[in-house]
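Open the model in your viewer and keep the selection tool ready. This tour goes stop by stop: what to pick, and what to find there.

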Amino acid sequence: MSQKILNPRQIETATVQVTCGNKSGTAFFVATEGDKQILLTSEHNLPEGQPVKLYLNEKEVDAEILERIPARDVAILELKNGPATIIPALPLKKTEIPYDENWETYGFPTQRVESGGRYTGTVSRTNNGTKWDVDLECEQYNNLDQFDGLSGSPLQMDRHVVRVIGYDTVGTLGATSISSITEI
């Protein structure tokens, strides 16, 4: 039996703000290996040569980049010197997504960087063979002026994380599938 997300609070607990240089985004916990805690985020959140900081319960902690996947705009991070408490990882699932399917996420766009926010919507189209393989319509799009910082958020459908949100264009968000990065 595969693990599932039980409630929205689980997504909020496993999702954190990430900063690197002058960039701010979102990252989320995906695995625990012994005392190592692994996260995913968008690669464009992490300028080269800059320290990576995560904010857990209002405390700044360091992270290390384990792998950059620029062709998919995803990066894998490891928490360094993190809290003694292990943050529960979100369950990942490789799946194809049909049009008009509902999704939700939690993240830290620039205007909500202190508190984060929950966002919902539907899949508007798929873009096979591109960096971000789905486009998403967001119900809260008119509530914020900027979605910068939401990049790296977990895209949740059917109580699993199936994509990493990666970009914002006028009227839509884009996301990269978990299946496109699983071998890495």
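**Stop 1: the cysteines**

Select Cys 20. Cys 20 is buried, at 1% relative accessible area. Buried means under 20% relative accessible area, exposed means over 50%, and partly exposed is in between (1.4 Å probe, protein chains only). Now pick Cys 138, which is also buried, at 10%. A disulfide is a covalent bond between the sulfur atoms of two cysteines. Here the test is a pair of cysteine sulfur atoms within 2.5 Å. The count by that rule is zero.

Before moving on, note the ground rules. This is a predicted model, in which local features need pLDDT of at least 70, side-chain atom pairs count only at pLDDT 80 or more, and totals for chains, interfaces and linings use all residues. Residues are numbered from 1 along each chain as its sequence is written, and side-chain values use heavy atoms, with hydrogens and water left out.

**Stop 2: Asn 45**

Go to the loop between β3 (36-41) and β4 (52-56), and select Asn 45. Helices (H or I, at least four residues) and strands (E, at least two) are DSSP runs, numbered from the N terminus. Is Asn 45 buried or exposed? Asn 45 counts as buried, because its relative accessibility is 3%.

Show its polar contacts. Such a contact is a pair of N or O atoms within 3.5 Å; within protein, one must be able to donate a hydrogen and the other to accept it, and residues adjacent in sequence count only if both atoms are side-chain atoms. The side chain of Asn 45 makes one with the side chain of Thr 41, at 3.0 Å. A polar atom of the Asn 45 side chain also lies 3.0 Å from the backbone oxygen of Ser 151.

Next, display the surroundings. Contact means heavy atoms within 4.5 Å. Setting aside neighbours within four places in sequence, Asn 45 touches residues including Val 18, Cys 20, Lys 23 and Gly 152.

**Stop 3: salt bridges**

Side chains of opposite charge can pair when their charged atoms come close. A salt bridge here is a side-chain nitrogen of Lys or Arg within 4 Å of a carboxyl oxygen of Asp or Glu. How many salt bridges does the structure hold? The structure holds 10.

- Select Glu 12 and Arg 9. Their closest N and O atoms are 3.1 Å apart. Both sit in helix α1 (residues 8-14); they are three residues apart, so about one helical turn separates them. Glu 12 is partly exposed, at 27%. Arg 9 is exposed, at 54%.
- Select Asp 135 and Arg 125. Their side chains meet in a salt bridge of 2.5 Å, N to O. This pair links distant parts of the chain, 10 residues apart: Asp 135 is in strand β9 (residues 134-138) and Arg 125 in strand β8 (residues 117-126). Asp 135 is buried, at 4%, whereas Arg 125 is partly exposed, at 43%.
- Select Asp 133 and Arg 163. The closest N and O atoms of this salt bridge are 3.1 Å apart. Asp 133 lies in the loop between β8 and β9 and Arg 163 in strand β11 (residues 160-169), so the pair ties together parts 30 residues apart in sequence. Both residues are buried.
- Select Glu 43, Glu 48 and Arg 68. Salt bridges with shared partners join them into one network.

**Stop 4: Thr 126**

Stay on strand β8 and pick Thr 126. Thr 126 is partly exposed, at 26%. Beyond neighbours within four places in sequence, Thr 126 is in contact with Ile 97, Tyr 99, Asp 133 and Val 134.

**Stop 5: two positive phi angles**

Select Asp 100, in the loop between β6 (74-80) and β7 (102-107). Asp 100 is not a glycine, yet its phi is positive, about 65 degrees. Asp 100 counts as exposed, at 61%.

Then jump to Arg 159, in the loop between β10 (154-157) and β11. Its phi is also positive, near 65 degrees, in a residue other than glycine. Arg 159 is partly exposed, at 39%.
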